[in-house]
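Here is a short briefing to read alongside the structure. Please keep the 3D view open as you go through the points.

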Amino acid sequence: LGMARTQGALDPETTQGLAKPFYEKVVELGEKDRVANKKALAEAYLFMGVFEVNVNQNYKGSIEWTTKLLAIDPEHEQGKKLFNQINDYLKQVDDSKR
């Protein structure tokens, strides 16, 4: 988690994705015990959700990550905000195709 935060600080706009492999490792290890690792997982899930939308323009991928986040912490403010923003965007896109 420390390495993920350090790499995130070196890439604050997440344009290079320096923290991504470290947050992926946090997820891999943290999911073995979601209760004990709730805070670390919440941070990693949020990062991955933001990364997917900002870097990959993968809105559905972002929803998947924020859904995982809200499953372990339903009151996570940033997670709820990101989830709602992406859902609103996807609804607008769907409506424009009708």
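Q78 sits in helix α5. In this predicted model, Q78 counts as exposed because its relative accessibility is 53%, and exposed begins over 50%. Q78 lies 32 residues from L46 in sequence, yet their C-alpha atoms are 7.8 Å apart in space.

**Salt bridges**
- The count of salt bridges comes to seven.
- Also in helix α5, K80 and E77 are three residues apart, so about one helical turn separates them.
- K80 and E77 form a salt bridge, with their closest N and O atoms 3.3 Å apart.
- K80 is partly exposed at 25% relative accessibility, while E77 is exposed at 56%.
- In helix α2, E28 and K25 are three residues apart, which means about one helical turn lies between them.
- The E28 and K25 side chains meet in a salt bridge of 3.4 Å, N to O, with E28 partly exposed at 46% and K25 partly exposed at 42%.

**Nonpolar core**
- The largest nonpolar core has 20 residues, and Y23, Y45 and F47 have the most contacts inside it.
- Helices α2 (20-30), α3 (38-54), α4 (59-72) and α5 (77-97) each supply at least two residues of this core.
- Helix α3 gives the largest share of this core, nine residues.
- Leaving aside residues up to four places away in sequence, Y23 touches L1, A4, R5, E43, A44, F47 and M48.

How values were computed:
Residues are numbered from 1 along each chain as its sequence is written. This is a predicted model: local features need pLDDT of at least 70, side-chain atom pairs count only at pLDDT 80 or more; totals for chains, interfaces and linings use all residues. Side-chain values use heavy atoms; hydrogens and water are left out. A nonpolar core is a set of buried Ala, Val, Leu, Ile, Met, Phe, Trp, Tyr and Cys residues joined through side-chain atoms within 4.5 Å. Buried means under 20% relative accessible area, exposed over 50%, partly exposed in between (1.4 Å probe, protein chains only). Helices (H or I, at least four residues) and strands (E, at least two) are DSSP runs, numbered from the N terminus. Contact means heavy atoms within 4.5 Å. A salt bridge is a side-chain nitrogen of Lys or Arg within 4 Å of a carboxyl oxygen of Asp or Glu.
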